[in-house]
Amino acid sequence: MHRKTKKVGTASPGRRVLLGQQIISGLASGSLYALTAVAVVVVFRNTRTINLAQGDFAMVGAFLAMVLIKDMHLNYYLALAAVVVACILLGILTERIVMRPIADSDWLTLFTATLGVYYILHGVAGWVWGRDTKAFPVTFDPTPINFAGTIVSQGHLINMGWAIAIGLVLYVFFKYTKQGIAMRAVTDDPDTAQLMGIPVRFIVLLTWGMAGFLAAFAGVLLSPIVYVSPEMMDQVLIKGYVAAVFGGLYSIQGAIIGALMIGVAENLAGGYLGAHYKTATAFAMIVLLLTFRPQGLFGIQKRREI
Amino acid sequence: MTLLRLANVEANYGAVRALRGISISVAEGAIVCLLGANGAGKSTTLKAISGVVRPSAGTIEFDGKLLNGMSPTHIVGLGVAQVPEGRKIFKDLTVIENLQMGAYVRKDARGIAADLDFVFHLFPRLKERTRQLGGTLSGGEQQMLAIGRGLMAKPRLLLLDEPSLGLAPILIADIFNALRQINKEHGTTLLIVEQNAHVALKNANFGYVLQVGQVAVEGSAEELRRRKEVVESYLGSSEQTPARAAS
Amino acid sequence: MGRKEIVAALKTKFERQNQVAVVLLFVAAALFPFMPGVEGWMASQASLIVIYIMAAQGVSLLVGYTGLVTVGHGGFLAIGAYTSALLTKYFGIDLSLGLIAGGLMSGLIGYGLGLIFLRLSGAFMAIGTLGFAFFIGAIINNVPLFEGRTGINLPASRIFGVKIGDFGFYLVAVAALALTTLLIYCVVRSGVGRAFMALRDAEKAAESSGVNRVFYRTLAFSISAAITGVAGALNGHVVNYVSSEVYADIWYSVDFLVAGVVGGSALLMGPFIGGAFIVMVPFFLEKLADFAYILKGIVLIAVLLLAPAGVADLLARPFRAMRRRRLAAAGDSLGLVGAAAARAQTAEGR
Amino acid sequence: MTSHLRCENVTVRFGGVVACDKVNLDVEEGKIVGLIGPNGAGKTTLFNVLSRFQPYEAGHVYFRGGPVDNKRPHDMIRLGMARTYQNIKLFGEQTTLANILIGAHRLIGNPIANMFWLPKARQTERTLHNRAIEIAEMLHLENDLDTLVRNLPYGYQKRVELARALASNPEIILLDEPVAGCNEEETNELKEIVRRVNRDLGITIFLVEHDMSMVMTVCDYIYVINFGANLADGSPTEVQKNPDVIGAYLGEDYHA
C-alpha cells in the first residue's frame, strides 16, 4: 500500500565488489540502525513499551531539518540543534499525553498506543509535507576517498563519526551522571528505585526524551541516504527492532553489535547474492535468532516478566 | 521525643487487608523492632511509612509532619530511608553507583562524601569492591551494601526490613553490630522488622509483635523476651494443639 | 425452583438472545445484495469488509483469547491468497476448494511458526511475527513461482462449477464468515477455549491444571492462521489478482491487530466492528489519505484510553448492566444475600 | 502405611545459593502433612520441585513409589496431583464456574472433539458442569458461580483455587499457604474445608503454611526445614516443643 522506501546503504558498483568496501558501508548503515536500536532498547527496558513511533520521531525530525536547511537556509548545525530539541519535545509529549495515562496497562496496550502515535505522525507528515519522496541537501563532498585501496564514501565516514560521538555521549551519560545512573537503576528494579527516592515518572519522561534525542540524529543522518518521506524510517525501524532483540531488548551494547551485524550482513548479501536478498537477510536473522536464542545473542537473561 | 507515630493505620495489599489498624510510636534515637510471623503485616507497615503503599485509613506522622499521601521521593527527602527486604541491590550497578543512588535526593556534595566515608568505615569490605557489580556480591556483602545505600540518604529514621534474612548467624551478628554503631555514632533512629526475634530483641530497646495486621503485644525488649505470647505468635499456641493429631 | 435454576434459566435465555442477534446480523448481511440500488462495486467493497473481519477474527482469537501477540498475520493472508491463487491458476480448482486449501496451508504453516516461537512471549513474539511477515514478503517478491510485482491474474471464480459475479462472491464470503464465526463461537465456549483463556490469564496455574502449553499454543496458532488464510484466499479472488505489491505489505498485519484492539479482541463481535472500521476509514477518506491515518491513530488511542476492552465491550456495557440487574433481582426474589447478587458481574455476552 | 509422595536427597541451587540441600520427606497416603520453616528456608522451592515446575540437580521425587523426575507440570495432574498457589493464581477475568472447569481440564477427553462440540463431548461437558457445581456447593461457592473471580473477596478466591484443584479428581493436593492473608474467620473456615476434603474424599494433603494455628491444628505430621535442609519432623506437639525448631524461628538459643 504505502512503502516505497529506498533501501539504506549505497548500491554496489557492478559485480566486482570489494569486501572491505562492503563491510565499511555495512558498518555505516549499521551505525545508523544502532541509533534506532538503542532508542528501542532504552524505552523498552524502562517502560515495557516497544515504541513503534520511534522511526516517526526521526521522520518528523528529517522533515524539519529539510525545511530549516532548504527553505529557511539555516546553517546545518543550527538546524540539527533545533531538530534535536524538537524531537526531544516530541518524545516527552508522547509520554505525557499518550503513555502516562496507560502506564500500568498490559504490554499490548502500550504497544498499540505507540502504533496510534505512529499513525498520527505519519498522517500529519503526509498532510503537511506530502507523500512523495524528497531529496535532502547533501552537506559533504560526494567524492569518495581511497583508503588503502578501499574506496569509501565521505558520507559514510561522517555518519560513522556522528554515531561514535553519540555513543560516547550516551556512555558518559549512563556511566557518570546522576540521572544516567538513576535511569539504569530504574531499569534494574523500579520499585526499589522508588524506595530510594528516585522519581520514577521523571526518569521515564527522560527516557522518552532520550528516544527523541536519538531519533533526531537518526533522521538527519539517514536523510541523504534514504531521502525524506513519511515512510522513510519504516524499514530502518524494523531493522532497529531486530538489532534490539540481539541484545535481548535489554542490553545497549548488544543492540549496537546487532545493528552493525545487520548492516554488514545485508550489505554482503546484497553484494554477493543480489540486491533482492538485502532486506530479507535481516528478517532471516531475526527468525533464526528468536528460534535458537530467544533471550538475545549475548546471554542476557530476561529480567522482567513481559 | 517521638519521631514517628502511626495511629490506626489500615492498608490493603492487593486483595488482602494487610493492616487492620496499627498504632506504633518510635522515639528519636531508639532502636525499635517489629516482630511477628510471616503475613503479620510487618513489611506492609514499612511500605506504608515509605509511601509505597497508600494507607486506606489512619495517620502516619514523622517529626510532626503528616506523611499520608506524600510521594516516596518527598519522604526520603524528609529523612526516612528504607533498606528493603531481600536487600534489592541494583544488580547491574556497581557498589559505588548503588551508594550514589541511595543519595539521589541529596545535593550536598560534601555531606555525601562524608557519609560515603562513614559507610566505608562501617563496612570496609565494600570499599574493596567499589567497582564490582552489585549482583556479584555475596549475601552478607549485599546486606551491607543495602544498609550503606540506606545510610547515604542521611536518614533520621532508617527502616530495615528483615536484615537477617537468609544470612548465617555469624553474619547476622556483624550486621547488628553495625546497626548499633550507626545508632550510636550517627544518632540514627532504627525501626527494624525481624523474624529472628532473638537477635532483634537483643539489640532493640522496644518491640511490637504483630499478628494478622494488628499489634498483639508491645513492650520493652527485655519484657518481650520473657513473654510467652511472642513464641506463640510464631509457633502457635500449644493449647490449640488438636486431639486429631493423636488419631 | 432455587436461585441456581432461575439463574441458569435466565442465562440460557440471554444466550439464546445473543445467538438470535448474531443470526439476524448474518441474515441482514446476506440480504444486502438484494436491496435496491446496490451495485457490483458496493458488493465488492462489502466483500472486503467481510475479509477484514475474518482476518481480524484470526488475529483476535490469538490476541484476545490466548494472550499471544501477532504482528505477522499479513503473512498468513499472503499464504492463503497465493495457495488458492496458484491452485486455481494451474489446476483450475473450484473456489470452495481454494478457500479450504488456503486455510489448510496457512494453518499448517501457522502450526510450524507456533512451534518455532513457542518460547517467546510479549515483545519478542511481536517482533518475531513481524519478522515472519517480512520473510513471507521477501519470498513472494523473489521466488519466481509467485511472479513478484507482476502478479498472477486469475480466472473468474467458480463455486461448485458455477461462475459467480460480485454479488455471488459476496454471498460466498458471508457464508465463509458465518462458518468461521461459528467455529470461533464453538472453540471459545469449549474446553479448548477454556484452556486458551487459562494460558492467557495464568500460565503456570493452567499448566498445573493439566493444560499442555505446547499443544494449546500451537493449536491456537494453527486455528488463527487458518482463519486468516481463508480470508487471504478470499482476498485474492475478490479482485482475481494477487501480487507482491499487495501481499508483501506488512501493514496488513498491523491493520488486523488494530481491528482486533479497536473492536475488542476478546469478544465475538469485536472483529466485526474493528474490521469494518479499518476498511471504512480509508474508504470514506479516500481523497484525504493523511486524515485517514490521523483518524485511525486518534481512534486507536482514544479506545485504549477510554475503552481498553474495545468498542464492542463499550456497546455491550448497557446490555450487561441490564442483565446483571435482572439476575440480581432473581436472586433477591429468593431472599438471597444482596452482596452475592451485587457481585454477580457476569461474563456472558462473549 | 503407604508413601504417596516422597522426595529423596533433593538439591536445588540458584547460582551459588543452595535453596534445597538434600531434602527428604515422605507424605503418607490419606494424611494431612505440613511443611514449615522460617522465611527463605526453601519451602516454596521444594513445593515447586514436587509439582515439577522446578528442576533439581540431584535427588529424586517418587509418586506412589514411581519416579516422576522427568514429568512436566501438566503431567502431574494426570497422575492425580493438583496444587494451589501462595499468591493466588486464578483466572481473574473468568467466572468461578469457568475456573473450576479449567481444573477439570484433564477430563475433557479428546480436545478436537471437544472443540467441535461432538455429541460425546457435549455429554462430557454436561457431566463436568454438574460436578463443578457439586464441588462449588461443597465449598459454599454456589452463589458465586457466575461471578468474575477478581470481584470475589480474598477468602473466596482461596476457596475457588481449592475448588479448581478438586475438579481434577485428584488423589493428592498440594496447598501452598492456603490461609496466607486470610482473617481468623476465613482461616477457621478453610481449616474445616481442608479437614473435610481429607476425611470425606480421602484425598491426601500436603501443605506449606506460615499460620501455625492452621498447621498445628490440621496436620497429622509436620516437616520442618531451615536453610534448605531438613531440621526436624514429627507430630505437631513434638515439633512445637523441639528446641531446634524454636531456635530456627525465633533465633538461636531463644529461651522462652
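How many salt bridges does a search of the whole structure find over all chains? In this predicted model, the search finds 35 of them.

In chain C, the side chains of C:Arg149 and C:Glu245 form a salt bridge, with an N to O distance of 2.9 Å. This pair links distant parts of the chain, 96 residues apart: C:Arg149 sits in the loop between helix 5 and strand 1 (152–153) of chain C, while C:Glu245 belongs to helix 10 (residues 244–247) of chain C. C:Glu245 counts as partly exposed, at 36% relative accessibility.

The side chains of D:Glu93 and D:Arg150 meet at 2.7 Å, N to O. D:Arg195 is buried at 18% relative accessibility, whereas D:Glu192 is partly exposed at 33%.

In chain B, a network of salt bridges links B:Glu28, B:Asp63, B:Lys65 and B:Arg156. The chain also holds an open sheet of six strands with mixed pairing, in the order 6-7-8-3-9-10. Strand 6 (80–83) and strand 10 (214–220) of chain B form the edges, each pairing on one side only. From one strand to the next, the twist averages 15°. Within the sheet, strand 3 (residues 31–35) and strand 8 (residues 189–193) of chain B run parallel and are joined by four bridges; B:Leu34 has B:Val193 as its bridge partner in strand 8 of chain B.

Helix 6 of chain B lies across strand 6 and strand 7 of chain B, at about 170° to strand 6. This helix (residues 139–151) contains B:Gln143, which is buried at 1% relative accessibility. Among the contacts of B:Gln143 are B:Val83, B:Glu162 and B:Ile175.

Back in chain C, the surface carries a nonpolar patch of C:Tyr90, C:Phe91, C:Phe135, C:Ile139, C:Val143 and C:Leu145, together giving about 560 Å² of accessible area. Helix 3 (73–91) and helix 5 (122–142) of chain C each supply at least two of its residues. C:Phe91, found in helix 3 of chain C, is exposed at 63% relative accessibility.

How values were computed
Residues are numbered from 1 along each chain as its sequence is written. Chains are lettered from A and ligands numbered from 1 in the order in which they are written. This is a predicted model: local features need pLDDT of at least 70, side-chain atom pairs count only at pLDDT 80 or more; totals for chains, interfaces and linings use all residues. Side-chain values use heavy atoms; hydrogens and water are left out. Buried means under 20% relative accessible area, exposed over 50%, partly exposed in between (1.4 Å probe, protein chains only). Contact means heavy atoms within 4.5 Å. Two strands pair if DSSP finds at least two bridges between them. Axes are lines fitted to C-alpha atoms, for helices over the stretch in contact, and angles run from 0 to 180 degrees between N-to-C directions. Patches are made of residues with over 30% relative accessible area and no salt bridge: like charges are joined within 9 Å, nonpolar side chains (Val, Leu, Ile, Met, Phe, Trp, Tyr) within 5 Å. Accessible areas come from the Shrake-Rupley method with a 1.4 Å probe; for residues, only the protein chains shown count as cover. A salt bridge is a side-chain nitrogen of Lys or Arg within 4 Å of a carboxyl oxygen of Asp or Glu. Lists of a residue's contacts leave out its neighbours within four places in sequence.
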